[in-house]
Amino acid sequence: MTQPAPSAQHHGPEKGTVSGPAPAPPSKPGGGPRALGLRLDVRNLSLLGVLAVLALVGGLTEPDAFLDTGNLQLILTQSSVIGVVTVGVTLVIIGGGIDLSVGAMVALASVWATTLATQDFGFAGILFTAVIVGLAAGLVNGVLIAYGRLVPFIATLAMLASARGLALQITDGKTQIVTVQSVLDLGLPDAYVLGIPPLVLVFAAVTVVGWLILNRTTFGRRTVAIGGNAEAARLAGIDVRRQRLYLYLLSGLCCGIAAFMLIILSGSGQNTNGNLYELDAIAAAIIGGTLLSGGRGTIVGSVLGVLIFTTITNIFALNNLQSDVQQIAKGAIIVAAVLVQRRTLRNGET
């Protein structure tokens, strides 16, 4: 049992990422970690270029409204909640999984944290409950997938249905109004720090932590390894099941944080909160360059994907375009991003 591990690390460029002794073949055009890093940087610069074009379009079509400080703050604030969810989803996808339940987990955490019994404990009670419910839901997903050997699609789809149903049962279809003033105050302009809403600062902090986890820790390297080739990662000594469990816990944690942010933003808890968040988060990750098959992706790219989608929605709203047109535009962008990924893969990027 001690012999297969070294040989498993030399089956090809994809498995070579598991450990150092197996570099990509030098003769392969465009291969190698340095070339890959350069291409990812180019992708992120391209996404920044798209954001710049969107800003130009918004400035030309509705200059007074789009360029208003309040509107720019609104774009960043609206990006924050789904952005935090996207960070967790990105890590899960890079690890070779998928999470369709993030929107439902946000809804469940938000309504559980805004019940009258929870609000009696004030700010700390609401925050603690939102985070714990998110973690608990993520734990269930992780256990079912990592140790129950359920397919991630099925397990998280079941969680989506269950969490939505439980959220509806808790609220009885009614909106739960938040009465804790210290929570509501965080959504007011008086709470802004140098003109930046607190929710945006939370989003920035989660993004930085997610980037550090993925790019500067052994945990991040193991995540990429199991996403690229789980069997090779196992033979290299990585506990694949435990790693997957941790990834879904992180996704649940992000959902709990996002639920608290949504409570601040809306001042209430509803069973409809987080509707279609799973689709928006996955789409943003794809736009940012994360492969649905796992093994590659960036937190920065996913965040830029979130900003692009939110800016598009804002521009369409300012120009009084119907929501169905927005959805068509988003769908076209997703298809274009996937086609670009396939082209780069054929050119030997990975």
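A crossing counts as left-handed if the near helix is turned anticlockwise from the far one by less than a right angle, and as right-handed if clockwise. Helices are DSSP runs (H or I, at least four residues), numbered from the N terminus.

This is a predicted model, where local features need pLDDT of at least 70, side-chain atom pairs count only at pLDDT 80 or more, and totals for chains, interfaces and linings use all residues. Residues are numbered from 1 along each chain as its sequence is written, and side-chain values use heavy atoms, with hydrogens and water left out.

Axes are lines fitted to C-alpha atoms, for helices over the stretch in contact, and angles run from 0 to 180 degrees between N-to-C directions.

| Pair | Axis distance | Angle |
|---|---|---|
| α5 (residues 102-112) and α8 (residues 152-171) | within 8 Å | roughly 25° |
| α4 (residues 69-94) and α15 (residues 299-318) | 8 Å | about 140° |

The angle between α5 and α8 is roughly 25°. That makes α5 roughly parallel to α8 (under 35 degrees; over 145 is roughly antiparallel, 65 to 115 roughly perpendicular, the rest oblique). Their crossing is left-handed. Contact (heavy atoms within 4.5 Å) involves residues including Leu108 and Trp112 of α5 and Leu160 and Arg164 of α8. The contact residues divide into 12 nonpolar, 2 polar and 1 charged. Here Ala, Val, Leu, Ile, Met, Phe, Trp, Tyr, Cys and Pro count as nonpolar, Asp, Glu, Lys and Arg as charged, and the others, Gly among them, as polar.

α4 and α15 pack at about 140°. They are therefore oblique to each other. α4 passes α15 in a right-handed crossing. Among the contact residues are Ile82 and Thr86 of α4 and Val306 and Thr310 of α15. This contact has 10 nonpolar, 10 polar and no charged residues.

Conventions. Helices (H or I, at least four residues) and strands (E, at least two) are DSSP runs, numbered from the N terminus.
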